[in-house]
Every structure is written in structure tokens, then in C-alpha cells.
Amino acid sequence: MLFLTVGFRWREEPTVNHKPIDRGYQSSPQVRTAQSLMVVHAGTHVRDEGARRDPGLQYRLMRWVICTPHPEKVEKLACELGIPPLVARLLVLRGLEDPEVADRFLHPSLRQLHDPFLMADMQTAVGRLRRAIERQEKILIYGDYDVDGTMAVVVLLTALRAVGARVETHIPHRLTEGYGMRVAVVEQAAADGCKIVISVDTGVREHEVIGRARELGVDCIVTDHHLPDAQLPPACGILNPHRSDCGYPDKNLSGVGVAFKLVQALLGHGMSDRVVQSYLKIVAIGTIADVVPLVGENRVIVHFGLAGLEQPVQAGLRALLEVAGLDGQHITTGDLGFRLAPRLNAAGRMESARDAVDLFTTSQADKAREMAERLDMRNRERQEVEEQILAKALEITQGSEFVGAAAPGRRSDGRHSLVVAGAGWHRGVIGIVAQRLVERFYRPTLVIAIEDGVGHGSGRSIAGFHLVEALDAARELFDRYGGHAQAAGFSLPAERIPELAARFERHAHSMLRAEDLEPVLRVDAEVSLRDVDYKLYQVLRQLEPYGLGNPTPVFAARSAQLLGPPRVLKDKHLKLRVAQGTKSSEAVGWGWAERAHTLAASQRLDLAFTVDESLYQDMVSLQLVIKDLRVTSDD
Ligand SMILES: [Mn+2]
């Protein structure tokens, strides 16, 4: 599987909240990155339809790619596993043509979780922790402020307390401390009598901090999933599947996933299936928020985690699900990624990430409720600030003096990149704003907040454009920068921003072809609307949870007729009734209201969609969730 795992120093999850919060319409937009990263496997026939121009439209023209797997492979798999051909087709398109592998995929079980002791250094780490617990040595968990990091703290803190350890936590502040470990924190811990520091979701490249801890007689246990340097830091144990000498079979674990493996090893046979499942709820939240591929062990984690979240026990979890409107619902990866994770992340963006840890470690229901409501409020503040900055950024892209953007809505000419900067922009949300701009313009984008003459930037990219390599090309402009292919962070003196914009554009111009600037929509199968029924929906449920590595299946229906005029919901969303022959279906386009005026009754449309269940006034029905549409004729 394709996975981008370069160690990076600034991260903000691509969490976007486009989903309507009202309870009337339940739906789950998939994690967006999933589509662009889906791997097309050998033997798969791909028909690229290009991005046919829709004369009435000037935005979001998508290139449809119809994926058709080798028919023999589909037939063989369907036959061997006794599954419907459509399931087999979807499995083959996801690279799961081996019957044994496909069978495991279809039937996740806790037995599929690997032995934690397969991870290098696990024995040493557990031995050291057991000794610390016996001697009642003080332990510090050094966390991170994003959801993966805070959930890792929760998992480890809960387990260590359960076995009677003396344990404290440090979670860096996003704005004042930034990503990574600091010497001062370790020195303070040593002065406070800590004997062990366990890092979670961070640490594998912290040579200086870990070296200093060693001088002070503090043992470090690193748990991390970022790529290590060739030389490892002088820690007493380093748990990281990406270590070149680590034989652990699954390289895709998130930070909380690695922390969970340590917990599994530490609790050992004291961990019944029930205990494992109780932890997996929290592990799943961090795993989804970090957008790691939901295959292998991550699929098992998220499968059981989501199931467990439908029966929450811990007070904070119950309270948070309630404020997110998810209590008593079937919960999907989209729900976690778009509704739960942003609320947890809001803590770290707007205030302190510690709130997210406190919420999940309290046992008092009233306190939990209060904390969940505060997170919900922080999240609304975050959304407001995000909307304000987005509006300003869009205004800038429309200004005549603006040099950093493609002309709005004009996709084929103009610039190949987008760079916007402003004073007073909140640094906690610029990464999300960059993501929103990428979704709109589909260009590599940098958003920069100017503060006291310094520009703090965050970037997001498109498939096929390596962001850090682009920043490498202008390295002398930065005070510091880092990241990976799809997301990056940096800072530089504000007066250098125009030069950065010019050089970033030059680099993008040299790297990107015209077709790279059109988002790809992979279609799993062409169907007729008659095929979209509960039998199909059952099939789709069987392949859940969806996410990176296992994208929500997209279907295409040709020449469907629009019945009646398009409707707009809450000024934001588009609702259509479409028909093929005698079969008609409801289709909804989340955030598609601005396209309503381009559509008219009785037009014929090609529709690309996912299938979802909608709940309206206690009535459940199936609906098509529009991914793209094209008007094919006007009769
Ligand atoms: Mn992480």
C-alpha cells in the first residue's frame, strides 16, 4: 500500500468539517485523501474519461477514472469465498485478490492483532516499566497535541494507572511549544524526581533531548510511528515499526497504535478480549484522526473500536458522543474523522490539548459533560475563525494585485500554486484553511499567518506534488520547515513571503502538468439506479470501515434524468431527485448548493456517487451522495 510516512515536525490533521451537524440528515463523507491515494493494482483496466468540460461550470472539474478489474480474478475470488461478484470486484480493486487475505479482510477478529513482542525493544521496554512499577519510580508520559498524540497519552496513562504506576503527563502546547520534545521539559522532570520518560507519537528523532535525559539519569522509552534517522537516539527502548531492524509485520500503525502495543505487552494475559476492546475505542479515534491506511491491524482496531463506540461506557466518551450528536447511532470512520476528531483537536488548536486527555480520563459524568461542552464550544470557535480566514484568503485570491493564485474558478490557466498570507490569522487553523483552499482550487497551497514580522505557514498539497521537496527548493528562505509529501509547516521572515510565493509557483510550474491539476475520481463500478438497493448497501456495510487504503466505493450512473428542479438545503447543500426508467432516487450533494443554478428539471446527468443511509424523522432510506455530476443533455 502506498503510504506517506516521512517523519515530520509540524502536523495538523486534514480534518474538515463539511458535514451538516443537524440530526435530520445522517451521512458520512469519506476521508478525502483516500481517493487520491487509492492504488490501482496490476491487471486492473483503467478507463480515463478525463475531465469533460461542463460549459455551465467553472469549478471542481474532476477526471473520472473507471476502474475495471480483471474479470477472471473477480470470478475466481467470488467462487472461492462464495461471495457476490460485486464484493469480489471491490476487493480485487483494493488489491485483495488473494482469497486468504480477502477473507481476513471480510472477517476482522481480535486474533488478527499481532503479538506485541514482535516489535523490536518491546521486551526491554516492558522489563524497564515493570521494574519502575515495582519500585514506584515516577514516570512521565511525553505526548503530542494532535488527536493521535492525545489518544496515545490516554491509552498509556489509563494502563499505567491500572497497574499502579506513579505517572504524570506532559502535552506540548501547539503554539508556544510546537511539535516535538524539549530539553527543558526533561530537565524539569528529572528535577521532579522522574526516572522514566515515555514519549508517544513523537521522539524517534529527538537525539538531543534523549541524550540530555540520559545524562540526568532518566531512561527514555520512545513510542513513535514517524520515520527514524539512520542513527537512533540513545533511548533505553525504541518502539517504532519503521526501525530498519524491527520485524513487526504491520508498518502502518499510528502513534496511538504503537502505544497500544506497549499496553498489550505490559498487561499481557491480564488483557481479556473485553479489556482489549475497551482500549480499542480510544485507539480507533487516534488511528482515524491520523489518516493512516485502514488495512491490516488498523482495520481490526477501527472495526472493533467503532463497534465499541456504539456502547460507550467511560463518562467523557459518552459526553463527547452526545455533544457530537452521535450517541445511539451507527458510527462510521467519517463520523469520527469529521465530527469527533475535530472537537478533540479544537482543544489543542484553540487552547490546550490537555483538555482532550482530561475528558477521557475522568469518571465523573457531570464534569465530563461540562468538558465535552467546552470542547464543542472551542470547535465552534475554531470553525468561525476558520471561516473568517478562509473568506479573507478567498478575497486575496480575487484581488488584482495578487500574485500567488490561479484566477478563481479558472482552472486551466493562471497559476499552478496558491500562496496567501495575512496578519492576525490564528496559527492553529491555517492548516485547515490550506486544506479547504486545496479542495476548492486543487492547487498546492501555502497559508501564512504573520505575527511580529514572522510568517508561520502551513501547506497542503495535491496528489503527485511533494510539498517538502518544493520547500527544499527554497530552503534558504526559511527559519525552519518540515513535513511530508502532503502537508508541511514552516516559518520565515515576513518580508520574504513574496519571494517564497514566486519560487513556490516556479517550482509548481515546472513539476505539474495540466492534467495533474484536475482531481481524479476513481469509480469502482458503473451501475443502474435499479441496482442501488439494500442488498447493495449490505455489501457496502461488509467492507466497512472505509478510509485511506480502503476508500468508500464510488459508483456511476449514466444519463439519469433530473426530476423537478434542484433543491437547496440550508443554503449549503444540493438535493436532487433523479430517475432512470421507472426507478427514482434521492441524491444529495453536501456543500454543493452553488451548483443548483446550473441545473434544470428534466436534464440528463451522469452521476458519480457513494451510497448512504439517511435518517429523516425516524424514517430510514438510501440516498446517493454526489461526488461529481455532469450535464449530458438538456432534454
Ligand atoms: Mn501520529
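This is a predicted model: local features need pLDDT of at least 70, side-chain atom pairs count only at pLDDT 80 or more; totals for chains, interfaces and linings use all residues.
Visitor: At what angle do the axes of helix H10 and helix H13 cross?
Guide: The axes of H10 (residues 273–289) and H13 (residues 333–350) cross at roughly 85° and come within 9 Å. That makes H10 roughly perpendicular to H13, a label for angles of 65 to 115 degrees. Axes here are lines fitted to C-alpha atoms over the stretch in contact, with angles from 0 to 180 degrees between N-to-C directions. Helices are DSSP runs of H or I with at least four residues, and strands are E runs of at least two, numbered from the N terminus.

Visitor: New topic: what's the strand order in the open sheet?
Guide: The order is S4-S3-S5-S6-S7, with parallel pairing; two strands pair if DSSP finds at least two bridges between them.

Visitor: Which strands stand at the edges?
Guide: S4 (166–170) and S7 (237–239); each has a single partner strand, so one side of each lacks a neighbour in the sheet.

Visitor: How many bridges join S3 to S4?
Guide: Five bridges join S3 (residues 138–142) to S4, and Leu140 stands opposite Glu168 in S4.

Visitor: What does Val197 touch?
Guide: Leaving aside neighbours within four places in sequence, its contacts include Leu140, Tyr142 and Cys220. Contact means C-beta atoms, placed from the backbone, within 7 Å.

How values were computed:
Residues are numbered from 1 along each chain as its sequence is written. Angles under 35 degrees count as roughly parallel, over 145 as roughly antiparallel, 65 to 115 as roughly perpendicular and the rest as oblique. Two residues are in contact if their C-beta atoms, placed from the backbone, lie within 7 Å.
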